[in-house]
Amino acid sequence: METAKKHIKKSLLSEGKVVSTAMDKTLVMLVEARKTHPKFKKIVRRTIKMKVHDERNECQVGDRILAIETRPLSREKRHRLFKIVEKAK
């Protein structure tokens, strides 16, 4: 019998801050991860920029959003906008 392998998504939801909305239907989101260094026991911040699909161009720079992982939408886009958590002031 052949068993079907299920695709496990690495991170279903990512929360971050919008840093750019210059492209049409695309925004750039900055995600910050905080982890403890295994040797030095100091908290290290890692930042990742990811491109997110925004169908209605509803986000602005400074918004806090949730993005969900999807199929590849372009060369660099792998996430789409799920929800706006907090609007920029």
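Colleague: Which residues make up the largest nonpolar core?

Modeller: Ten is the count to look for: the core has 10 residues, Val 18, Leu 27, Met 29, Val 31, Met 50, Val 52, Cys 59, Ile 65, Ala 67 and Leu 81. A core here is a set of buried Ala, Val, Leu, Ile, Met, Phe, Trp, Tyr and Cys residues joined through side-chain atoms within 4.5 Å. Buried means under 20% relative accessible area, exposed over 50%, partly exposed in between (1.4 Å probe, protein chains only). Remember that this is a predicted model: local features need pLDDT of at least 70, side-chain atom pairs count only at pLDDT 80 or more, and totals for chains, interfaces and linings use all residues. Residues are numbered from 1 along each chain as its sequence is written, and side-chain values use heavy atoms, with hydrogens and water left out.

Colleague: Which element gives the largest share of that core?

Modeller: Strand 2, with 3 residues. Strands are DSSP runs of E, at least two residues, numbered from the N terminus.

Colleague: And what does Met 50 touch, sequence neighbours within four places aside?

Modeller: Leu 27, Val 28, Met 29, Val 31 and His 79. Contact means heavy atoms within 4.5 Å.

Colleague: Switching to pairing. How many bridges join strand 2 to strand 3?

Modeller: There are 11, and the two strands run antiparallel. Pairing takes at least two DSSP bridges. Lys 35 has Val 44 of strand 3 as its bridge partner.

Colleague: What about strand 3 and strand 5, parallel or antiparallel?

Modeller: Parallel, over 3 bridges. His 53 stands opposite Arg 80 in strand 5.

Terms used
Helix = DSSP H or I, 4+ residues; strand = E, 2+ residues; numbered from the N terminus.
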